[in-house]
Amino acid sequence: MTRRVKPTNPEGAHSAPDPWDPIVRISHWLIAAAVIANGLFTKSGGTVHIWIGWGVLALLALRLAWGLVGPAEARFSAFPPDPRAAVSHLFELVRGKPCEYPSHNPAGAIMVYALWGCLATVTATGLVMTGARSPIAIAEEKAAVAAGDWTALLKAEDTGEDEENILREAAEEIHEGAANLMLVLALIHVAGIAVESRALRRNLVRPMVMGPNRDE
């Protein structure tokens, strides 16, 4: 069960958890930038889009590994998914009396796991859609086609080609749906941070940008 620190003191500021280490902060912001870039700006299926996707896969793998070996606040054991505790925390938030937590609060933890699930789904389906080929191989193929070498697109005939196309079409549908869901969850995440910051009377974004304040 997630450990509480103490309830917010409405009379003024108090010493509060400030837990985020460099790996958590850097991976968080790089993944956020990648999601915004691929969701809103890059061309779907383009070389840049695919490069960013591979980068997200590496960052996600790093963060998940850090959840096993990193500092206490970054480990999965510090914020297990607990729907009952999440609902209780939301009620406390509505009443204006949320508790502090040394890591993610229970509602935030549910959101974190949901976002990670979406990221894993998007990257996995992206690999299926591209045949797990590297961005370099895809770029070389596109360059060959642009130069008039259409043999780069020829595929060896086999009995499983129809099944492969069906799999890729299904992966594309799931990829798009998971990507859209992730953007919606990200907006809810930002809104939740704003509400929580106001209720706790402290800036929850600052520790994710600046890291622990050693002067507190």
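The structure holds 5 aromatic pairs, where rings of Phe, Tyr and Trp (its six-membered ring) pair if their centres lie within 6.5 Å, and planes under 30 degrees apart count as stacked, over 60 as edge-to-face and the rest as tilted. A pair of aromatic rings is described by the distance of the centres and the angle of the planes. Phe76 and Trp116 form an edge-to-face pair, with 5.9 Å centre to centre and 80° between the planes. This pair links distant parts of the chain, 40 residues apart: Phe76 sits in the loop between helix 2 (47–69) and helix 3 (83–94), and Trp116 in helix 4 (residues 106–129). Ring pairs join Phe76, Phe79, Tyr113 and Trp116 into a cluster.

This is a predicted model, in which local features need pLDDT of at least 70 and side-chain atom pairs count only at pLDDT 80 or more, while totals for chains, interfaces and linings use all residues. Residues are numbered from 1 along each chain as its sequence is written, and side-chain values use heavy atoms, with hydrogens and water left out.

Phe76 is partly exposed, because its relative accessible area is 22%. Trp116 is buried, at 14%.

The chain has 7 helices and 0 strands; helices (H or I, at least four residues) and strands (E, at least two) are DSSP runs, numbered from the N terminus. Read along the sequence, the pattern is α-α-α-α-α-α-α. Of the 216 residues of the chain, 34% count as buried. Contact means heavy atoms within 4.5 Å. Among the contacts in the chain with a separation of 6 or more, 74% are between residues 24 or more positions apart.

The largest nonpolar core has 19 residues, such a core being a set of buried Ala, Val, Leu, Ile, Met, Phe, Trp, Tyr and Cys residues joined through side-chain atoms within 4.5 Å. The residues with the most contacts inside this core are Phe79, Trp116, Leu119 and Met182. At least two residues of the core come from each of helix 1 (22–41), helix 2, helix 4 and helix 6 (161–200). Helix 4 supplies the largest share, 8 residues. Leu119 touches Ile31, Val35, Val56, Leu60 and Met182, leaving aside residues up to four places away in sequence.

Ser27 lies in helix 1. Ser27 counts as buried because its relative accessibility is 4%. Its side chain reaches the backbone oxygen of Ile23 at 2.7 Å. With residues up to four places away in sequence not counted, Ser27 touches Leu59 and Arg63.

Helix 3 has 12 residues, which at 1.5 Å a residue should span 16 Å; the end C-alpha atoms are 17 Å apart, which agrees. The expected span is 1.5 Å times one less than the number of residues of the helix. The buried residues of helix 3 are Ala85, Ala86, His89, Glu92 and Leu93. Seen down the axis, these buried residues fall within an arc of 120°, so they line one face of the helix; the arc is that of the directions from the helix axis to the C-beta atoms. An α-helix has 3.6 residues a turn, so residues three or four places apart point the same way. On the other side of helix 3, Pro83, Arg84, Phe91 and Val94 are exposed.

On the buried face, Ala85 has a relative accessible area of 14%. Ala85 and Ile110 are 25 residues apart along the chain, and their C-alpha atoms are separated by 9.9 Å. Just after helix 3, Gly96 takes a positive phi of about 80°.

Most residues other than glycine have a negative phi, and most peptide bonds are trans. Ala132 is not a glycine, yet it has a positive phi of about 60°. Ala132 lies in the loop between helix 4 and helix 5 (135–146), and its relative accessibility of 46% makes it partly exposed. Arg201 also has a positive phi of about 60° although it is not a glycine. Arg201 is in the loop between helix 6 and helix 7 (205–210), where it is exposed, with a relative accessible area of 56%.

Terms used. Buried means under 20% relative accessible area, exposed over 50%, partly exposed in between (1.4 Å probe, protein chains only). A polar contact is a pair of N or O atoms within 3.5 Å; within protein, one must be able to donate a hydrogen and the other to accept it, and residues adjacent in sequence count only if both atoms are side-chain atoms.
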